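Here are a few notes to go with your first look at this one. Have the sequence and the structure open side by side as you read.

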Amino acid sequence: MDTNFVERRRRDLITAAGLAAVAAIVPLFVKDVYVQNIMVLTLMYAALSQSWNILSGYCGQISLGHALYFGLGAYTTALLFTKFGVLPWFGMIAGGLISAVIAMALGYPCFRLGGHYFAIATIVIAEIGLLLIQNWDWAGAALGIDIPVRGDSWLKFQFTRSKLPYFYFALALACIAWFVTWWLEDSKWGYWWRAVKDNPQAAESLGVVVFNSKMGAAAVSAFLVAVGGSFYAQFVSYIDPGSVMGFQFSLLMALPAVLGGIGTLWGPLLGAVILIPLTELTRSYIGGSGRGVDLIVYGTLIVLISLALPQGLVSLFSRSKAKGATR
């Protein structure tokens, strides 16, 4: 095996451990609740984008309907807790498994489509799911579900006095999503996905079962996204179809990876660290005008960065390494 490749993977793992350790102590010095909220959302979207990146980045199947799995995770946890008293921890697992099964069921017809036809199909399916939930009375229909808060408890995963427990769970979720991606990157699945992304016909001629590879990527991606949806439901304590299944969630999962570097290990994290605080700050400080100024600033910055760095922000680091090597 290439020693440079092994060294790079070891270095990535050590770097990730160091960043996680630093992130874990940041809340001890940051007491502002608003800033803590931004940090929680940043970590959550880092995990979601990393999960989206497995299917769309590594496997090359661009999905713009991942809000469906996010919403399924949120609704599964909320319904099991409010209707049957099932603890959110079991709801997360159930939501993840249900989303993985549905992702494979939807993948059976959709993976026969290619390119932009597949992306359009994912949007349509997600919107159908949104409409179904909006008209499902047992699930609260358009009114949504108000999750009752019964005191601070790790068992019921509810906290009213502090956001720190949510921060540490979001950090753990981001770390798990990153580690799963890191592990899969050097597995046979990772090689299959990259082969399918680059040239499906050539991959199939070499023995890669293209359809099964896509189904595996969809299942893993959907499971992790659904766990993120379950977490979000407990974090906000109230969900409705638009707040967890809207198209904006699909975009906010995709944009960090696209901005940071799609199909890369560090791209989703880097993109989320820049994009999510930018989104929240522009909404808070210039979004109250009612004229969409925050969206204009937000969109303009994304366009400028994308034009300057089409391969994502991670390309800055590869360029600096290349310059250092030539010296």
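1. Ile-38 is buried, since its relative accessible area is 8% and the cut-off for buried is under 20%. Bear in mind that this is a predicted model. You'll find Ile-38 in helix H2, which covers residues 33-58.

2. What does Ile-38 touch, once neighbours within four places in sequence are set aside? The contacts are Pro-277, Glu-280 and Leu-281.

3. Next, have a look at Gln-234. It belongs to helix H9, residues 210-236, and it is buried, with a relative accessible area of 1%.

4. Gln-234 has quite a list of contacts. Leaving out neighbours within four places in sequence, it meets Thr-77, Pro-88, Ile-147, Lys-156, Phe-157, Gln-158 and Tyr-166. Going along the chain, Met-253 is 19 residues from Gln-234, and their C-alpha atoms are separated by 19 Å.

5. How many disulfides does the whole structure hold? The search comes back with 0. For Cys-59, the nearest cysteine sulfur belongs to Cys-110 and is 14 Å away. A disulfide needs two cysteine sulfur atoms within 2.5 Å, so Cys-59 is in none.

Key. Residues numbered from 1 in each chain as written. Predicted model: local features only at pLDDT ≥ 70, side-chain atom pairs only at ≥ 80, totals over all residues. Heavy atoms only, no water. Helix = DSSP H or I, 4+ residues; strand = E, 2+ residues; numbered from the N terminus. Buried < 20%, exposed > 50% of the residue type's maximum accessible area, 1.4 Å probe, protein only. Contact = heavy atoms within 4.5 Å.
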